[in-house]
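The entries follow in the order in which I made them.

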Amino acid sequence: MLLKNVYDVVVIGSGPGGLAAAVAAKKEGAEDVLIIERDVELGGILLQCIHNGFGVEIFKEDLPGPSYAQRFIKDVFSLGVEILLDTMVLDITPQRKIYASNKRLGFVEIEARSIVLAMGCREKTRAQIRIPGTRPAGVFTAGTAQRWVNVEGYMPGKQVVILGSGDIGMIMARRLTFEGVKVERVLEVMPYLTGLTRNYVQCLLDFDIPLQLRHTVKRILGNDRVEAVEAVQVDEKWNPVPGSEEIIPCDTLLLSVGLIPENELSRKAGVKLDPVTGGPFVDDNFQTSVPGIFAAGNVVHVYDLVDWVTEAAFQAGKCAAKHAIIIRRKESNYVPLIAGDNVRYIVPQMLDKRNLEEHEIRLQMRVAQPIEQPVWVEVHDKENLVARKGERYVRPGEMVTVNLKQKNFTDVEKAENLTISIIPR
Amino acid sequence: MPENYDFIIIGGGVVGSMIARWLSRYEASVLLIEKEADICMGSSSANTAIVHAGYDPLPGSLKARMNVAGNLMWDQLSGELNFPFERRGDYVVAIGEEELPALDTLMEQGKKNGVPGMMILPKEEVIAREKNINPEVSGALWATTGGICDPFAVTFAAAENAVMNGVKVILNTSFEGFIMDRNRIVGIKTNRGSFRSRWVINSAGMYSDEVMHKAGIRPEFVIRPRRGEYFVFDRADLTIDNVLFPVPSLKGKGILVTTTLHENTIIGPNTMDVEDKEDHSTSREGLEEIWQGAKKLIPCLSQKHIIAMFVGLRPYGNGPCKSPGIDYQHDYIIEIPTEVQGFVNLGGIESPGLTSSPAIAQEVVDLLKDAGEEFRGKKNWDPIRHARLRFRDMSHKERKLLIEKDPRYGRVICRCENVTEGEIIAEIHSPIPATTYDAIKRRTWLGTGRCQGGFDTPRVVQLLADELGVSPLEITKKGMGSNYLLRPTKQLES
Amino acid sequence: MEETKKMICISCPQGCSLDVKVDGSIILKVDGASCKQGADYAEHEITDPRRMIASTVRVKNGFHPLVPVYTKMPIPKNMIIDVLTELRKVELTAPVELGTIVIKNVFGTGIDVITSRDMPTQ
């Protein structure tokens, strides 16, 4: 695949948001659609979500994450969407210029008529919730552990405490139990479950994994590797209840304490972010504050059902395609004007063909050197002479004009560009 | 037959690395041993990174002399070793009228110590220079010779320059005892065998007391760990370009607010005496204390932008000041004792240790010369050490050229800090190889951004495994015992 | 002997709390369900509790060392450990297609364990 310089729609990220947007953009009629994905294959976070629960609304089937992804990946290939894998987008400008790099092609610059941001979200870290204690190996966010267990094929621990009763935490509790790990406890600082109740049943109750609400980790113990966590109960004001501390021996602390939309690139592109969601301000076309830049999926706000991500991304991709098509049409209406022999410059530097259907267009120019003899001022489309005007002389101090008339429209319409030159008669 | 050296240095912190670099200039065989999996993992790894002007230490103390002499050496040093250093100047800010006299005291102290370029600024001037300052500011001491650096970069640069000039550095090697010939030290025993030498230099930082006791030196000298916590803010929010100190207390320089050379605002440290020399834990009380201190200077800080925290331990010693008439019990020890031979003893090098390190290195060389060592200069000693390429700092054009030369620089591994595979591999194969995640993190800043390693950790583990030719199960966070992975997923027992 | 069992329905995300009056394994009454699925779930959970499970199996020469697998239909709860043990013994060889049957008719349930994605070669 030869990388183009300009694409109609560039989609950043190939999770459920990116995949659906790319497919919708192609179906809407965008000619050149490119997905840029930082991982080594398409699918994003779906590839590590091997449990079912995906597609109940969109496909009326209960699918695991990878299968859900594969439905769209199939369309991506059959529709001819181009892809760049193992490629990191480094920068996006508000003018929709994209800078990215990978090992194979090196540093690439791509222009996009429209962009769909689908970078998803990152996990809240230990430092952000400020868990005191030592910093040994063995403290992981649930997603990082999930990647290791389900994709890379390694177990990050054998005795685990999970902080956070969000879905990712509960799902990992079950997953780890399936792989022979002892999940000692799930701690949740809120007085209620933050994930789905069905996951509480299927992941915790089914395996007798105790859940303690209104509990958190007071500190982490262990110098090189986690050796235990000190759990503690909290009151309504989040203060630890003295005397309720409990040391739980473990070698791993898994954090499932929140997701944050990943908008580094959005910021660089000048997209306005909503401080409440952490994602871009979008309209119902999912266009951001920067014209031509759209956003879909968890990068906008955190969803709980992937089917709704797909639905939103379909809309974003469709509108991104529409936007690109309009720009393409506008671009194709423009004819650049080139200064040829003896012409120093021309204004305007490009003309909108459609205007010639309605009225004349005046071209103004200056010469570099005086020619004190009769000359032709000629407009060419390659070898084809489109228009010509005679002048008795031309001088740098006196502006020269030539008018393109409505009768020239048929010639100008098919021209890629026009060259204006001044030839002695 | 144990290896034989002219000098063995115990400890690969900034002081040990500077001494190695200074000694590397001469025709002498030098060995530096470090007990951790990487150099710069002790006190040198976690501190304010400030190059102090020198108004703070007690006049007449060795601390003061080393501080002021060291401060002067940083421009040349950063030029030769190519590490980031900014002579930004620093401020001691007085809040409220009652704190103003303390500024005069510091000014006097500074003058006595020979610190140039100090000035007391009025309230309006401080506000003009730092618009976020507490409006109740009454004035500030401005010391133009204060600076800020990247302490990891400094330590590595010095150690790498030493290695390039012939010094041998071995990691994961801990000192266990001396080999004595009557009252002369002729070598050391370590967990990896014995080594012989004419001189042993004690730069063991937090453990310098235990080392010197093994030679029977200064049994009354004790190092007590003083823990200091730090909090790091998200780069996209507030940046406080000025280095701001509060008026100091008996416990030390106080809680600083500044923006590091990583472009993150940090606050800290507090001061808590702890028992355990490896107690790197943070605490809720610590955060509270630091928060109060920082807000006193910059009221508009917001806790929700904290992205990281770290802890530094200072080797607080009870070394008596040797200057006559000065009663100070926490001075540096830099000496060649007479009780045993072949021993250079350093102890209690806490703040301003980083600042003083080049001066300390020079002092050690001078002491050795006074003791009769004849140093012959190495003919091809190269003081220059080049910094490695940082993708993050490059322009689009420079990146393009770099990737064309080596495509591995085209694969970005740490999204938040733009660290590439090429850079990681360069560190794994550098003169002092990085073999753990934290070692790579310290050198490249990988994993220090918003996601705190969430995305890059599995990739770095795989890269380390591939480059070192081992299974990912053997890759550790910071050395033996801190493995990330226990067993392959489908194997039940590890 | 009459008793009331408490359970949470997992048919949809709502998660209704059900009070199920039983006499042995005969369901007398189901309270707390917002829809018909609640009664169905209660019935199954008392007489024949089942779950969908997902795991991974090893792949030789694959792009990744593991491929995810799942049961298309719920299997008896008390079989889960045994199924996982069986799966641990499996090693496929790449390339593997989505929907490949890894264990056919697992323990006579009529339910297959299948792969949930393609796994190409390295």
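**Interface of chains A and B**

I began with salt bridges across the interface of chain B and chain A, and the rule finds five; a salt bridge here is a side-chain nitrogen of Lys or Arg within 4 Å of a carboxyl oxygen of Asp or Glu. Before going on I noted that this is a predicted model, in which local features need pLDDT of at least 70 and side-chain atom pairs count only at pLDDT 80 or more, while totals for chains, interfaces and linings use all residues. Residues are numbered from 1 along each chain as its sequence is written, chains are lettered from A and ligands numbered from 1 in the order in which they are written, and side-chain values use heavy atoms, with hydrogens and water left out.

I looked up Lys490(B), which forms a salt bridge with Glu179(A), the closest N and O atoms being 2.7 Å apart. I then listed contacts (heavy atoms within 4.5 Å) and found 54 residues of chain B touching 54 residues of chain A. The side of chain B that touches chain A divides into 24 nonpolar, 16 polar and 14 charged residues; Ala, Val, Leu, Ile, Met, Phe, Trp, Tyr, Cys and Pro count as nonpolar, Asp, Glu, Lys and Arg as charged, and the others, Gly among them, as polar.

The two chains bury about 4,700 Å² between them, 56% of it on carbon and sulfur atoms; buried area is the accessible area (1.4 Å probe) that two parts lose on being put together, summed over both. Arg415(B), Arg450(B) and Thr489(B) supply 15% of the area that chain B buries against chain A, more than any other three residues.

**Cores**

I next looked for nonpolar cores, meaning sets of buried Ala, Val, Leu, Ile, Met, Phe, Trp, Tyr and Cys residues joined through side-chain atoms within 4.5 Å. Buried is under 20% relative accessible area, exposed over 50%, partly exposed in between (1.4 Å probe, protein chains only). The largest core has 44 residues, and Leu23(B) and Ile334(B) have the most contacts inside it. Its largest share, eight residues, comes from helix α9 (residues 353-370) of chain B; helices (H or I, at least four residues) and strands (E, at least two) are DSSP runs, numbered from the N terminus. Apart from this core lies another of 39 residues, including Ala145(A), Val160(A), Val183(A) and Ile424(B).

**Charged pairs**

Asp32(A) lies in the loop between α1 (16-28) and β2 (33-36) of chain A and Arg328(A) in helix α8 (residues 306-333) of chain A, so the pair ties together parts 296 residues apart in sequence. Asp32(A) is buried at 16%, whereas Arg328(A) is partly exposed at 24%.

Glu278(B) is partly exposed at 24%, and Lys35(B) is partly exposed at 37%.

**Glu427(B)**

Is Glu427(B) buried or exposed? Glu427(B) counts as buried, at 1% relative accessibility. I place Glu427(B) in helix α11 (residues 421-428) of chain B. Not counting residues up to four places away in sequence, Glu427(B) touches Arg388(B), Arg390(B), Ile432(B), Pro433(B), Ala434(B), Arg443(B) and Thr444(B).
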